[in-house]
Structure formats: C-alpha cells, structure tokens
Amino acid sequence: RRPRSGYKVIFVPFQNGKPSGPPQDILTGFVSADDKALGRPVGVAIDRRGALLVADDVGNKVWRVVPAQ
C-alpha cells in the first residue's frame, strides 16, 4: 500500500495502562531510498538477556537489538 507503513519497529511508553509519550523509532531502514522493501518486521520477542528480537520475513533474518553502549 502507499504510502508504506509497518516497515519499522517503534516503542510507545505507557503509564497506568495508557500511552504516556510519543512513539520512538527503535529499528528502521527496512525501505530503500527508491521505496523498495529491504525487510519487513513481522514479530518481536525479548531474549533472556533483555535484547529485542525482531523477525524479518523479507530479509529472512532475526535481528537482535540492544541499547547503545
């Protein structure tokens, strides 16, 4: 669909069960400059060490996201 949507992973802070701030981009870059899909995040999980795991069904990868050090 145009414009593309769903090609990034975001974080929405919550407090008392309600959104408490604006969405924050966590993982982007799944669409090229010429609007081609390089990947598509389809599922997320947290591993035992607290990293975010993101399944990508176009790139056939699982991305592991950790905070910058």
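Colleague: What is the bridge partner of Val44 in E6?
Modeller: The partner of Val44 is Val54, and by E6 I mean strand E6, residues 52-56, which is joined to E5 by five bridges in an antiparallel run. Strands here (E, at least two residues) and helices (H or I, at least four) are DSSP runs numbered from the N terminus, and two strands count as paired if DSSP finds at least two bridges between them. Please keep in mind that this is a predicted model, in which local features need pLDDT of at least 70 and side-chain atom pairs count only at pLDDT 80 or more, whereas totals for chains, interfaces and linings use all residues. Residues are numbered from 1 along each chain as its sequence is written, and side-chain values use heavy atoms, with hydrogens and water left out.

Colleague: OK, and in what order do the three strands of the open sheet come?
Modeller: The order is E5-E6-E7, with antiparallel pairing. E5 and strand E7 (61-65) are the edge strands, and each has a single partner strand, so one side of each is left without a neighbour in the sheet. From one strand to the next the twist averages 25 degrees, where axes are lines fitted to C-alpha atoms, for helices over the stretch in contact, and angles run from 0 to 180 degrees between N-to-C directions.

Colleague: Which residues make up the largest nonpolar core?
Modeller: That core has six residues, namely Tyr7, Val9, Leu27, Phe30, Leu52 and Val54. A nonpolar core is a set of buried Ala, Val, Leu, Ile, Met, Phe, Trp, Tyr and Cys residues joined through side-chain atoms within 4.5 Å, and buried means under 20% relative accessible area, exposed means over 50%, and partly exposed lies in between (1.4 Å probe, protein chains only).

Colleague: Take Leu52, what is it in contact with, leaving aside neighbours within four places in sequence?
Modeller: With those neighbours set aside, Leu52 is in contact (heavy atoms within 4.5 Å) with Val9, Ile26, Val44, Ala45, Ile46, Trp63, Arg64 and Val65.

Colleague: Switching to charges, how many salt bridges does the structure hold?
Modeller: There are four, a salt bridge being a side-chain nitrogen of Lys or Arg within 4 Å of a carboxyl oxygen of Asp or Glu. One of them joins the side chains of Lys8 and Asp25 at 3.1 Å, N to O. Lys8 sits in the segment before strand E1 (9-11) and Asp25 in strand E4, so this pair ties together parts that are 17 residues apart in sequence. Lys8 is partly exposed at 42% relative accessible area, and Asp25 is partly exposed at 47%.

Colleague: And which residue forms a salt bridge with Arg40?
Modeller: Asp57 does, with 3.0 Å between the closest N and O atoms. Asp57 lies in the loop between E6 and E7 while Arg40 lies in the loop between E4 and E5, so the pair links parts 17 residues apart in sequence. Asp57 counts as partly exposed at 42% relative accessibility, and Arg40 counts as partly exposed at 33%.

Colleague: What does Asp47 form a salt bridge with?
Modeller: Its partner is Arg64, the closest N and O atoms being 2.9 Å apart. Asp47 belongs to the loop between E5 and E6 and Arg64 to strand E7, so this pair ties together parts that are 17 residues apart in sequence. Asp47 is partly exposed with a relative accessible area of 21%, and Arg64 is partly exposed with 43%.

Colleague: Is Ser32 buried or exposed?
Modeller: Ser32 is buried, with a relative accessible area of 19%, and it lies in the loop between strand E4 (24-27) and strand E5 (41-46). The side chains of Ser32 and Asp34 are joined by a polar contact of 2.3 Å. A polar contact is a pair of N or O atoms within 3.5 Å; within protein, one must be able to donate a hydrogen and the other to accept it, and residues adjacent in sequence count only if both atoms are side-chain atoms.

Colleague: What about the backbone, what is the phi of Asp35?
Modeller: Phi of Asp35 is near 70 degrees, a positive value in a residue other than glycine. Asp35 is in the loop between E4 and E5 and counts as partly exposed at 32% relative accessibility. Asn60, also not a glycine, has a positive phi of about 55 degrees; Asn60 is in the loop between E6 and E7 and is exposed, with a relative accessible area of 71%.
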